[in-house]
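Colleague: I would like to go through the labels used for this model and hear what each one rests on.

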Amino acid sequence: MAGYLFVHFIGEEKDGEQIYFSVSRDGLHFKDLNGGKPVLYSHMGTCGVRDPFLVRKQGSHMVYLMATDLRIEAGKGWKAAQEQGSRDLMVWETEDLVHWGRQRSCTVGIPEAGCVWAPEAVFDEEKGEFFVFFASMVKREGDTEAKQRIYAAYTKDFKEFSETFLYMERENHVIDTTILESGGSYYRISKDEMEKRLIMETADSLSGEFTRIHSQTLEGLTGVEGPEGYLLPDGKTWCLIADRFLEGKGYLPMVTDKLASGDFRILSPEQYDMGRTKKRHGGVLRITDEEYERLCKFQWDAR
């Protein structure tokens with residue numbers, strides 16, 4: 001692997017809630033593709049997409065992109081988005097990262113769900129399927145009001161999904177979960193929607209009991225969401241990025257050589273460059289040199 005593809009949206013302005021591409025050689029300095037304009041547009045559901053995420057199918061060239069069906073620019077507001085929003089996730093697929101198949105809409109939210117937000121996936125080696133997880137606002141029996149929880153389902157092809165089940169809940173609302181695997185352990189980083197902070201946990205399996213990792217760095221950051229993590233080119237340094245949505249400053253990178261320690265070092269502004277556009281909640285995929293060059297040379301159609 002010789003580079004990174006960062007897919008993201010940019011905000012609530014016109015065309016801001018579509019899919020934008022950026023690439024990087026080192027995972028810290030990104031350049032925007034397609035002249036800083038969207039690469040993929042949603043023409044289904046709300047006709048807006050946020051929180052895109054990429055995952056590869058093992059043993060093939062197939063890459064799946066999934067995203068939240070959400071368009072705040074339409075003017076209905078956050079309450080409607082959470083309580084009467086889309087229960088579908090939007091999916092595209094490709095074998096070369098530049099030619100993308102037709103967009104499809106997949107219903108994964110349970111009937112009681114008010115929304116399906118920030119879908120991500122990891123490959124579950126034990127089951128041989130993708131483990132797809134997302135946040136949904138649901139009022140369960142005994143609740144006085146609905147709460148954001150993390151739900152999940154399994155799929156082999158992002159067309160057919162297993163029955164959706166509750167994966168994680170906390171005392172407070174929880175959204176924006178990402179899962180990293182390192183050294184046979186899984187690390188789960190989620191946003192506490194009430195405190196606007198990131199919480200980090202670890203377990204030996206996706207279905208295991210996760211325990212909290214105390215992190216002075218993460219506990220000291222407020223107003224952040226959309227955590228994403230990936231290995232830097234040295235193969236040992238993890239980069240965790242978080243969207244500073246409250247300040248409107250875009251993504252902040254921080255690094256560690258050991259996820260289990262929870263000890264992250266926040267990079268200074270001169271150590272990274274996220275590109276010209278302000279990047280909102282997205283996903284990062286390791287790519288080959290051939291894929292990097294193809295992405296940089298390709299000319300996309302206007303829409």
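Modeller: Start with Met254, which is found in strand 18. Bear in mind throughout that the model is predicted.

Colleague: Why is Met254 called buried?

Modeller: The relative accessible area of Met254 is 0%. Buried means under 20%, so Met254 qualifies.

Colleague: What is Met254 in contact with, leaving aside its neighbours within four places in sequence?

Modeller: The cut-off for contact is heavy atoms within 4.5 Å. On that basis Met254 is in contact with Thr217, Leu218, Leu221, Trp238, Cys239, Leu240, Ala242, Phe264, Arg265, Ile266 and Leu267. As for Glu225, Met254 is 29 residues from it in sequence and 14 Å in space, C-alpha to C-alpha.

Colleague: How do you know that strand 17 and strand 18 pair?

Modeller: Two strands pair if DSSP finds at least two bridges between them. Strand 17 and strand 18 have six, in the antiparallel sense, so the pairing stands. Within it, Cys239 stands opposite Val255, and Ala242 stands opposite Leu252.

Colleague: Which strands make up the open sheet, and in what order?

Modeller: The sheet has four strands in the order 16-17-18-19, with antiparallel pairing.

Colleague: What makes strand 16 and strand 19 edge strands?

Modeller: Strand 16 and strand 19 (265-266) each pair on one side only.

Colleague: How are strand 16 and strand 17 joined and paired?

Modeller: They pair in the antiparallel sense over five bridges, and Gly229 stands opposite Leu240. The two strands form a hairpin with six residues between them. In the turn, Gly235 has a positive phi of about 75 degrees.

Colleague: Why is strand 17 described as largely enclosed by the rest of the structure?

Modeller: Six of its six residues are buried, so the description follows from the count.

Colleague: Which residues cover the two faces of strand 17?

Modeller: Trp238, Leu240 and Ala242 lie on one side, and Cys239, Ile241 and Asp243 on the other; all are buried. In a regular strand the side chains alternate between the two faces of the sheet.

Colleague: Which residues touch the most other members of the largest nonpolar core?

Modeller: Met200 and Tyr230, in a core of 30 residues. Strand 1 (3-9), strand 13 (185-192), strand 14 (197-203), strand 17 (238-243) and strand 18 (251-256) each give at least two residues to this core. Strand 17 supplies the largest share, five residues. A second, separate core has 23 residues, among them Phe21, Leu54, Ile287 and Leu295.

Colleague: What does Met200 touch, not counting residues up to four places away in sequence?

Modeller: Met200 touches Tyr187, Arg188, Ile189, Thr211, Arg212, Ile213, Leu218, Leu259, Gly262 and Phe264.

Colleague: How much space lies in the largest pocket, and what lines it?

Modeller: About 770 Å³ of space lies there. The lining has 26 residues, and Val55, Ala121, Val122, Ile179 and Glu181 lie nearest the centre. Strand 4 (49-56), strand 8 (117-124), strand 12 (174-182), strand 16 (225-231) and strand 20 (280-287) each give two or more residues to the lining. By class, the lining divides into 16 nonpolar, four polar and six charged residues.

Colleague: And how does the lining of the second largest pocket divide?

Modeller: Into six nonpolar, two polar and nine charged residues. That pocket holds about 350 Å³ of space. Its lining has 17 residues, of which Arg50, Trp78, Lys191, Glu225 and Arg280 lie nearest the centre. Strand 4, helix 1 (77-83), strand 12 and strand 20 each supply at least two residues of this lining.

Colleague: What is the phi of Asp51, and is Asp51 buried or exposed?

Modeller: Asp51 is not a glycine, yet its phi is positive, about 55 degrees. Asp51 lies in strand 4. Its relative accessibility is 8%, so Asp51 counts as buried, the limit being under 20%.

Colleague: Why is Lys196 called partly exposed?

Modeller: Lys196 has a relative accessible area of 25%. Buried would need a value under 20% and exposed one over 50%, so Lys196 falls in between. Lys196 is found in the loop between strand 13 and strand 14, and its phi is positive too, near 60 degrees.

Methods
Residues are numbered from 1 along each chain as its sequence is written. This is a predicted model: local features need pLDDT of at least 70, side-chain atom pairs count only at pLDDT 80 or more; totals for chains, interfaces and linings use all residues. Side-chain values use heavy atoms; hydrogens and water are left out. A nonpolar core is a set of buried Ala, Val, Leu, Ile, Met, Phe, Trp, Tyr and Cys residues joined through side-chain atoms within 4.5 Å. Buried means under 20% relative accessible area, exposed over 50%, partly exposed in between (1.4 Å probe, protein chains only). On a 1 Å grid over the protein atoms alone, a cavity is a set of points where a 1.4 Å probe fits but cannot get out, and a pocket is an open set with protein on both sides within 12 Å along at least five of seven lines; lining residues have an atom within 4 Å of a point. Grid points are joined across faces, edges and corners, and a volume is the space filled by probe spheres set on the points. Ala, Val, Leu, Ile, Met, Phe, Trp, Tyr, Cys and Pro count as nonpolar, Asp, Glu, Lys and Arg as charged, and the others, Gly among them, as polar.
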